[in-house]
Amino acid sequence: MSKRSYLISTIWLILYSFPLLSQIYFNEYDTRKTITVESDSKKIYRFPWAGGMNSCQFGQIDLNLDGQKDLFVFDRHGNRIMPFINGGTAGTVDYYFAPEYVSSFPELTDWAMLVDYDLDGKDDIFTKSPGLPGIIVYKNISVTNPEFELIVYPYLTSLQGGGYVNILVTDVDYPAISDIDGDGDLDILTFWGLGSFVEMHQNQSIEKYGIPDSLDFVKTENCWGHFAESDESNTIYLDTCSSGSEEIQHPEPEKDSRHTGSTFLLLDLDGDSDKDLVLGDVDYPGLIELTNGGNPDSAYITGFDTLFPSYDKPVNLFSMPVAAYLDADNDGINDLVLSAFDPSLYKSKNRQSVWLYRNLGQNEIPQFSFESNNFLQNDMIDVGSGAYPVFCDYDGDGLTDLFVANYGDYIYSYYGSGSQLYSVYWSKISQFHNTGTAENPKFNLITDNFALLDTFQITGIYPAFGDLDADMDLDMITGLYDGTLWFFKNKSSSAQSPEFEPPIKSYQGTDVGNYSTPQLFDLNGDGLSDLIIGEENGNINYYENTGTPADPFFTFVTDSLGKVNVTNYQLSYTGYSTPFFFKDNLNQTRLVVGSEQGKFFYYKNIEGNLGGIFTENDSLFVLTGGQPTEIKCGIRTGAALIDMNNDNYLDLIAGNFSGGLNYYSGAAFPPVIGIPEQTDEIRRVNIFPNPAREFIQIEITGQDRFEYLQINIYNTVFQKVFSTILTCDKTIEIPIISLTPGVYLLELKTEPDGRTSQYKRFVKIY
């Protein structure tokens with residue numbers, strides 16, 4: 001190769017791979033245009049990369065400020081916010097996933113409820129106070145974009161016994177916030193701290209100020225509705241309070257008595273203008289309808305239905321259903337959407353954890369008809385509990401296929417000793433075949449039970465693929481919940497129809513403790529695939545391949561590779577590391593590690609430093625609203641980086657414990673904030689020489705002279721390294737000798753407000 005050819009190749013490599021030299025940027029915009037995914041029935045998922053659902057709460061809010069309510073979903077498994085824009089087609093469930101709105105919301109914990117407390121037409125946020133058993137409130141102050149202001153902290157109070165006291169709401173309680181007495185402001189129902197009785201906190205905003213703009217509460221009832229729930233079960237008792245006494249004294253609780261969690265939904269079920277109550281309870285799959293035979297000022301529960309809705313399919317959703325009453329299909333009538341509320345990661349029905357009942361009646365007299373047990377989930381990749389993406393060209397057609405493993409698929413639930421609920425899960429791997437092209441991949445679900453792994457009735461499967469016997473097909477190693485590895489030798493003669501020999505269990509005696517997450521990668525550059533394993537403790541284990549291509553032998557080197565540990569000891573004592581080593585376009589080894597807390601840790605300084613400390617970099621970014629922000633997509637995350645569409649930028653596929661994937665497309669530079677579309681004022685910009693050493697000349701066509709021209713130069717982390725304002729002709733010379741060699745972005749503005757901006761890229765060489 002000539003020096004000129006080598007220089008051109010080097011320049012091309014720098015121009016198209018420079019994001020990997022320092023920071024890696026990803027976009028998460030308009031997922032309607034991202035990679036297509038089909039189900040095994042050839043149905044195209046509407047939002048495949050929405051991230052899955054396990055334990056969700058639902059609300060409605062106008063996100064894009066078009067006067068139409070959009071859908072807000074909050075999954076407490078990872079405190080994930082999932083916004084969906086409403087297309088508005090009458091009588092149709094018409095949403096598309098809009099992750100760009102996630103950053104508009106504050107951090108939310110455990111539960112969130114959207115209600116317009118001040119009746120200004122903007123839904124406000126009531127949510128659990130971080131670290132405290134109470135409520136905080138964010139006021140919706142949106143003007144041109146969604147925006148919220150914290151107005152109640154550290155908790156919402158009410159007047160109780162002569163002083164203002166915290167309204168007690170725990171992380172396993174979902175209160176009712178509604179206009180119960182019909183006076184125009186919002187009141188609150190919640191269980192007494194030790195359970196059994198429901199307290200009412202009446203809002204005094206109308207009484208004191210005549211308008212509903214305040215959150216001024218007083219506890220007016222200790223036993224709203226005159227009913228009680230058993231301390232030990234969801235059994236309901238009526239007539240437990242004297243009808244003539246509003247200020248009853250609660251009985252002394254037994255020593256082991258405790259309130260363990262409930263969910264409330266208030267709505268008028270019988271058209272009598274008072275609020276009935278739909279109640280969910282921890283460890284139980286159903287909802288109980290409590291009929292209010294009183295009036296708005298004095299509730300009195302006169303009956304209950306433990307199989308709500310008994311006239312249709314009763315709710316049977318493990319565990320602890322929470323219901324929302326909202327218009328899901330744009331017909332002007334509210335429907336019933338519900339999901340699990342239990343904070344446990346191991347009780348949800350995962351892939352069938354969001355139920356929809358259409359309302360065939362009216363808002364005041366609903367008639368619910370069961371429609372779906374996987375509402376929205378059936379339009380996204382959702383493989384159960386846990387989602388761990390692995391890419392490989394399994395069938396040898398030159399296109400990268402996608403495999404997604406899970407912690408487990410829900411099988412059934414049962415009650416153990418002490419009536420405690422347990423749920424059973426078995427691991428599976430979903431196989432998606434790439435039927436597209438290198439530039440336009442398309443994934444088709446072949447099976448959700450690759451290699452029939454559920455027959456082993458195990459959990460925590462995490463696969464790694466590689467040709468470990470030099471027979472030109474891909475074998476599989478899987479990590480397991482118990483920290484060991486299983487080896488599956490591929491004996492099939494057809495890549496389209498894999499067939500594995502019975503697994504070799506406890507493969508090569510490897511055991512890292514719990515939840516082994518293996519990767520096969522040539523870490524030391526000797527041409528053999530080494531074995532890297534993450535684990536529950538958050539560290540990374542390294543086993544060097546000291547065997548041969550046809551007979552690998554993995555020799556333990558260290559359980560603290562790079563001194564990596566992704567455990568956040570302020571949150572837990574476990575880290576659940578999921579390592580992913582990869583080569584960037586400059587052939588440098590990099591590492592991304594998923595974690596229990598959800599953060600993706602990014603490391604450099606790896607090659608030639610396997611015995612040292614890898615350098616962590618806060619430079620793995622997703623772009624939201626033009627700003628680089630940390631990628632957040634739930635808990636117990638796993639990552640795969642790959643150039644999905646052959647554009648020379650690595651894309652990120654991120655899995656989480658809710659069973660879904662998020663797709664972040666690779667980007668060169670973060671977008672410039674506040675710059676509208678370019679006009680024709682600057683029609684063409686040429687930079688020469690490019691690459692350049694001492695200066696660049698900028699030639700602008702379309703106008704002979706500019707009375708105002710601002711020139712900015714940015715480096716690859718989007719820091720401004722040069723700026724000048726000129727009155728000049730159409731050709732300008734800019735000195736760049738002081739710049740560090742690398743790739744730069746040139747911005748030209750012909751007006752002070754930046755309405756006419758143009759961007760070009762150039763390379764500074766030695």
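1. **What kind of model it is.** This is a predicted model, in which local features need pLDDT of at least 70, side-chain atom pairs count only at pLDDT 80 or more, and totals for chains, interfaces and linings use all residues. Residues are numbered from 1 along each chain as its sequence is written, and side-chain values use heavy atoms, with hydrogens and water left out.

2. **The chain as a whole.** You will find 2 helices and 56 strands here; helices (H or I, at least four residues) and strands (E, at least two) are DSSP runs, numbered from the N terminus. Of the 766 residues, 57% are buried, where buried means under 20% relative accessible area, exposed over 50%, and partly exposed in between (1.4 Å probe, protein chains only).

3. **Contacts and surface.** Among contacts (heavy atoms within 4.5 Å) with a separation of 6 or more, 53% involve residues 24 or more positions apart. The chain exposes about 30,800 Å², and carbon and sulfur atoms supply 49% of that area; accessible areas come from the Shrake-Rupley method with a 1.4 Å probe, and for residues only the protein chains shown count as cover.

4. **A sheet to look at.** Six strands make an open, mixed sheet in the order β12-β11-β17-β16-β15-β14. Its edge strands, β12 (163-166) and β14 (176-178), each pair on one side only; two strands pair if DSSP finds at least two bridges between them. In general, strands of a sheet pair through backbone hydrogen bonds, either parallel or antiparallel. Within this sheet, β11 (residues 157-160) and β17 (residues 217-221) pair in the parallel sense over 2 bridges, and S158 stands opposite F217 in β17.

5. **A nonpolar patch.** On the surface, I411, Y412, Y414 and Y422 form a nonpolar patch with about 360 Å² of accessible area together. Strand β30 (residues 409-415) gives the largest share of the patch, 3 residues. I411 is found in β30, and it counts as partly exposed because its relative accessibility is 32%.

6. **A residue in a loop.** D473 lies in the loop between β34 (462-466) and β35 (475-479). D473 counts as buried because its relative accessibility is 15%. Leaving aside residues up to four places away in sequence, D473 touches G466, D467, N490 and S492. D473 and K489 are 16 residues apart in sequence and 9.4 Å apart in space, C-alpha to C-alpha.

Note on methods. Patch = residues over 30% accessible without salt bridge, like charges linked within 9 Å, V, L, I, M, F, W, Y side chains within 5 Å. Salt bridge = Lys/Arg side-chain N within 4 Å of Asp/Glu carboxyl O.
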